[in-house]
Structures are given as structure tokens and as C-alpha cells.
Amino acid sequence: MFDFTEEELNRYSRHILLQDVGVEGQEKIREGRVLIVGAGGLGAPVAMYLAAAGVGTIGIVDGDVVDLSNLQRQIIHTTPDVDKWKVESAKETINAINPHVKVETHREFLMADNALDIIKEYDFIVDGTDNFPVKFLINDACVMAGKPFSHGGILRFKGQTFTHVPGSACYRCMFKSPPPPGAVPTCSQAGVLGAIAGMLGTIQAAETLKYLTGVGELLTNKLLTFNAKTMDFRKISVKKTDKCPICGTNPTVTKLIDYEQAACDLHK
Amino acid sequence: MAKIIVNGEAQEVQLPATVADLIRENNVAQPDMVSVQVNEEFVDREEFGTLQLNVGDEVDFLYFMGGGAYV
Amino acid sequence: MATHTLDITKEHCPMTFVKTKLKLAQIAAGDTLEVLLTEGEPLENVPRSATEQGYNVLSVEHVEGNVHKVTIQK
């Protein structure tokens, strides 16, 4: 019980000292299996902090390669990583931070035909994606499979996030269906301040660790939004709605959907 | 004029007013894309033009935020 | 109720309290743990942290030289 090496006790000492975590909490973190969808702006800080924390298994889904323009905010990748597969680059950084972490790379994009298979082996899923079709896919797959997840989105100087556990409000409770392709600007059109990705991503990492350890209150039935220009943070209360197309009483969404991507969101 | 809380801040609004009126008054950038809660209940888009607001109502505008980069 | 011992006289803070917490996690509720530690930071830190985190510090005694014994009940 609580079989930690001297190295691990030292490495995780700042967690173990916390009354709310201790060796019991660290063990839960070590037993945790977290899937991060997207090794980009949000996925980067999430992966790095979860690696630092000692999450036992981290899965990463991303079919892209590292591009120079990513380096402005995707801090898990460095200049020599340009043109490398993002999952490989991420895995290297994760294991450099913490060799104890087992990294499972999924060098593909999450789609309707692979989502349920990919998520099923994990305890918690983190949405670090950059387009609405896949955000809805993650929501739908997690609701169907009964998996908790953290939703996240950023743009310009703003960010928003919420956490879902079975029974709490889901993305479709708040937004019935995706906007039409191209209707809402993305970072590649409107831009984003790099540090915003860090602000939101680390909140997602904290929520993940809180889920694994059972500490504190999760951002369930809440939407946390912030505007970094003013550093105003708001927590909006949101209820699961009976009229939700997927988690409501009469679901109209009964299978996973690959919504059409905006032309500029299409990956190579 | 009635006091209504919009996104956590008090606003003076001329009643009668519907959700659609409030969206217009607040210059919401993409009125077709916004989700609206009144007193923590989501309002169906079809009702934006008919749901009447009352003094002290708390209204939240929720926006899509998705990030995004393409290579 | 069993009594366990832990010698952290060779440890530096914060490993002193980390190892104390580890041992406390491993023993049964109601058991006691006798912790041997040195004067200075360990003696100042361990009993206080243990109390703050809800453990019952039964006694702090001088053993010999700069070694002290802190008895904690889980």
C-alpha cells in the first residue's frame, strides 16, 4: 500500500504535504488514466501539468505535425520539433518532465468511428481541440459512454471551460448544436494571445487532478468564462436541461456525428 | 425603466422587453450564435422574440468559443 | 492498537513530514507512531504539521543529544 520509491516521495513531496492530497491522493493520481484530445494550445499545458503531477497514464490524440506558428502557445513543442508528429513531440516532453508517466499516443483525429473506442480505456477526458465539430463529438461520446470530461475553448483574449460528470450539464445543454462552418471565428482567423492557452489549460489540468483526487468542487453545472483584458472571471450557473438533444429526456442525437469542418479548419 | 442583470452587471432596460430586444440593445455580435439563460433556465431560440423580461431577471449570454488553428 | 516507529533523523525538510505522512497512511486508525527526529526544522515542523493536518500528537520528548521522539496517534 502506497508503494512509492524515495525518488517519487521527493518528486511529489509538494503534493504529499497537502492535507487534501497526501500519499492517498498521489496514489489516485498515479492510478489515473487521462486522455487529452489535441496536443495544441490547450492540450500542451494540460499534458505538461498532468505529467508533472504524476498521472500514471496519459493518452494523447492528435493527427497533426508541429508547425512554426504553433510555438507561440503550444509550449509542449519546441523549435527543433517543427514538422514532427505532435503526439511524438508531446510524448518526449512528457517523459522528459516525468519518466514515470506512461504515454499512449493516438496519431489520428477523433472521429465518429473511433471516438468511443479511444475514450473507453480512460477515466477522464480533456478537450484540447480547436474546432466545434470535434467539441460536440467529445461531448456526445463522453455522454454516451458515461465518461467525465473537461471542455475548453479560447479566442483572442477570452477563455471558457466547464467540467462534465455523468448527470451534470453537458455542452449540448448550453449549445444545442455546432455553429455552421465558418460562422464563428477561430484562432487562425481572429488570433489568440498565447498565454490565454496557458490560463485555460492549467484550469483544465487542475480540474482533472481534482477529479482524480476528489478534492474541492468541480466546475460542474457551471461555465467559467474569463476576459484576460480585464482579468474578469465569471462562473455562470448552468443546469442540465430536459430539452437537451443528447442528455435530456427525449434525445434526438443517438449516434456520433462528424459535422462538417470549416474549410480552414481542415487538417492536412 | 427596470433593472435587469446582464452577464453579472446591472442594466436599466425599458420594459416591456423581450430577450431579442435585449440582444439587440447589447449589440451582441452574433445574435444567431448566442445561447441565452434567463434566471438559470435556457431559452429556446424560437422564444427569443416572445419571452418577456421582468424586473430583477438575471440574463446570461453564452458564446461559442472554440479556439482553432489550421496548418 | 499497535505502535510503529519511524526514524527520520537523517532526513531533511520537507522529506521529514512527507515520510511521516507516508507511514501514517500505512498504519491502522488508532495505532501510534513514534517518530525519531532531530532538533531544528524537523522538531519545529513535524509536530505542528501533524496537528494542523488532524493527527493527534500525544507527546514530544527529548531522547538524547539532538534526537527527539514525537508520538502521534492516527
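Helices (H or I, at least four residues) and strands (E, at least two) are DSSP runs, numbered from the N terminus. Within this pairing, I5(B) stands opposite E58(B) in β5(B).

Before going on, please keep in mind that this is a predicted model, in which local features need pLDDT of at least 70 and side-chain atom pairs count only at pLDDT 80 or more, while totals for chains, interfaces and linings use all residues. Residues are numbered from 1 along each chain as its sequence is written, chains are lettered from A and ligands numbered from 1 in the order in which they are written, and side-chain values use heavy atoms, with hydrogens and water left out.

Staying with chain B, β5(B) also pairs with strand β3 (residues 35–38) of chain B, in the antiparallel sense and over four bridges, and there the bridge partner of V36(B) in β5(B) is F61(B). Is strand β5 of chain B largely enclosed or left open? Four of the five residues of β5 (residues 58–62) of chain B are buried, so this strand is largely enclosed by the rest of the structure; buried means under 20% relative accessible area, exposed over 50%, and partly exposed in between, with a 1.4 Å probe and protein chains only.

Stepping back to the whole of chain B, there are one helix and five strands, and from the N terminus on the elements run β-β-α-β-β-β. Its 71 residues are 46% buried, and the C-alpha atoms fill a box of roughly 50 × 25 × 20 Å, taken along the principal axes. Of the contacts in chain B between residues at least 6 apart in sequence, 51% join residues at least 24 apart, a contact being heavy atoms within 4.5 Å. The accessible surface of chain B comes to about 3,700 Å², of which 46% belongs to carbon and sulfur atoms; such areas come from the Shrake-Rupley method with a 1.4 Å probe, and for residues only the protein chains shown count as cover.

Let me turn now to chain A. Here an open sheet of eight strands has the order β3-β2-β1-β4-β5-β6-β7-β8, with mixed pairing. Why is one side of β3 and of β8 left without a neighbour in the sheet? The strands β3 (102–106) and β8 (232–237) of chain A stand at the edges and each has a single partner strand, so one side of each has no neighbour there. Direction ignored, neighbouring strands of this sheet are turned by 15° against each other on average. Helix α5 (residues 86–97) of chain A packs on the sheet, touching β2 (57–61) and β3 of chain A, and its direction makes about 175° with that of β3(A); axes are lines fitted to C-alpha atoms, for helices over the stretch in contact, and angles run from 0 to 180 degrees between N-to-C directions.

Inside this sheet, strand β1 (residues 33–37) of chain A runs parallel to strand β4 (residues 124–127) of chain A, and four bridges join them, with V37(A) opposite D127(A) in β4(A).

Two residues of chain A deserve a moment. G43(A) lies in helix α4 (residues 43–53) of chain A and, at 1% relative accessibility, counts as buried. Not counting residues up to four places away in sequence, G43(A) touches I36(A), G38(A) and G128(A), and although G43(A) and T129(A) are 86 residues apart in sequence, their C-alpha atoms are 7.6 Å apart in space.

Q72(A), by contrast, lies in the loop between β2 and α5 of chain A and is partly exposed, with a relative accessible area of 44%. Leaving aside neighbours within four places in sequence, Q72(A) is in contact with V192(A), L193(A) and G194(A).

Finally, chain C has four strands in an open sheet, in the order β1-β2-β4-β3 and with mixed pairing; the edge strands are β1 (3–7) and β3 (56–64) of chain C, each pairing on one side only. Strand β2 (residues 32–38) of chain C runs antiparallel to strand β4 (residues 67–73) of chain C, joined by seven bridges, and E34(C) stands opposite T71(C) in β4(C). Helix α1 (residues 15–26) of chain C lies across β1, β2 and β4 of chain C, running at about 160° to β1(C).

Note on methods: Pairing = 2+ DSSP bridges.
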